[in-house]
Amino acid sequence: MLLWNSPPSGNCYKVRLLLAHLNLSYETIDVDVTSDIPEELQRLNPAGQVPLLILDDGRALAESNAILWHLAQQTKYLADEPVERQEVLRWLFFEQNAHEPNIATSRFIITYAKTAERFGPVLEYLARRGHAALAAMESQLADRPFFAGRVYSIADIALYAYTHAADEGRFELQLYPRVRAWLDRVRAQPGHVPLRS
Ligand SMILES: N[C@@H](CCC(=O)N[C@@H](CS)C(=O)NCC(=O)O)C(=O)O
């Protein structure tokens, strides 16, 4: 397999983390997402984004959470109990709708594009919505160790990617003790690899 990758990207890290858990080998092509997207990537993924996983049969698979879903088939990282599997999907959609657009975008503006001074009101809006997402996570973790329930799943992998780097978007996690304890549980999983190795 070949992963079109960006080293600091949380969306790419999700895929690298699951590949590490599964002990699967792959090659990478690193892309700098702050400059022009390579033509070949644009051709393979019309959205012009990473991660993009080229499967062994040549098929190009885009969207981080779709890639997680594909790789997790027949593994313990896709919960096998129907209600838990619905929860996996629920939190994958939540991550892309309520979490990543706010927390990852703040992180990008502040830490990578370094344009915070131009985006004051936007950052305030993203902070409000990002904290609402973190509060929803805190609430879900009141009675369960992981987002789908009993088992560590791709829902945790997806949410971990930008939550553990939320400070780079000026999100402090002091208000969310259950989220911080869950971050520790995720880090303790066998085969865990950090964002930056
Ligand atoms: N929904 C997509 C988002 C992917 C995404 O935002 N990728 C960023 C890097 S984190 C990117 O390629 N940005 C370059 C661009 O949009 O031009 C996913 O989950 O894979």
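**Salt bridges and a pocket**

R107 and E168 form a salt bridge, with their closest N and O atoms 2.8 Å apart; the term stands for a side-chain nitrogen of Lys or Arg within 4 Å of a carboxyl oxygen of Asp or Glu. R107 lies in helix α4 and E168 in the loop between α6 and α7 (177-187), so this pair ties together parts that are 61 residues apart in sequence. Helices here are DSSP runs of H or I with at least four residues, and strands are runs of E with at least two, numbered from the N terminus. R107 and E168 are both buried, where buried means under 20% relative accessible area, exposed means over 50%, and partly exposed is in between (1.4 Å probe, protein chains only).

Before we go on, a word about the model: it is predicted, so local features need pLDDT of at least 70, side-chain atom pairs count only at pLDDT 80 or more, and totals for chains, interfaces and linings use all residues. Residues are numbered from 1 along each chain as its sequence is written, and side-chain values use heavy atoms, with hydrogens and water left out.

E87 pairs with R90 in a salt bridge whose closest N and O atoms are 3.1 Å apart. Because they sit three residues apart in helix α4 (residues 82-112), E87 and R90 are separated by about one helical turn. E87 counts as buried at 15% relative accessibility, while R90 is partly exposed, with a relative accessible area of 43%.

E87 has a further partner: R144 forms a salt bridge with E87, and here the closest N and O atoms are 3.5 Å apart. This pair links distant parts of the chain, as R144 is in the loop between α5 (120-140) and α6 (154-163) and E87 is in helix α4, 57 residues away. R144 counts as partly exposed, at 21% relative accessibility. Taken together, E87, R90, D143 and R144 are linked in a network of salt bridges.

The largest pocket has about 660 Å³ of space. A pocket is found on a 1 Å grid over the protein atoms alone, as an open set of points where a 1.4 Å probe fits, with protein on both sides within 12 Å along at least five of seven lines; lining residues have an atom within 4 Å of a point. The volume is the space filled by probe spheres set on the points, which are joined across faces, edges and corners. Of the 28 residues lining this largest pocket, S9, N11, V33, V50 and Y162 are the closest to its centre. Helix α4 gives the largest share of the lining, seven residues.

Finally, look at the ligand. Among the residues that surround the ligand are E63, S64, Q96 and Y162, each with a heavy atom within 4 Å of it. A polar side-chain atom of S64 lies 2.6 Å from an oxygen atom of the ligand, and one of Q49 lies 3.1 Å from a ligand oxygen atom. For Q96, a polar side-chain atom is 2.7 Å from a nitrogen atom of the ligand.

Key:
A polar contact is a pair of N or O atoms within 3.5 Å; within protein, one must be able to donate a hydrogen and the other to accept it, and residues adjacent in sequence count only if both atoms are side-chain atoms.
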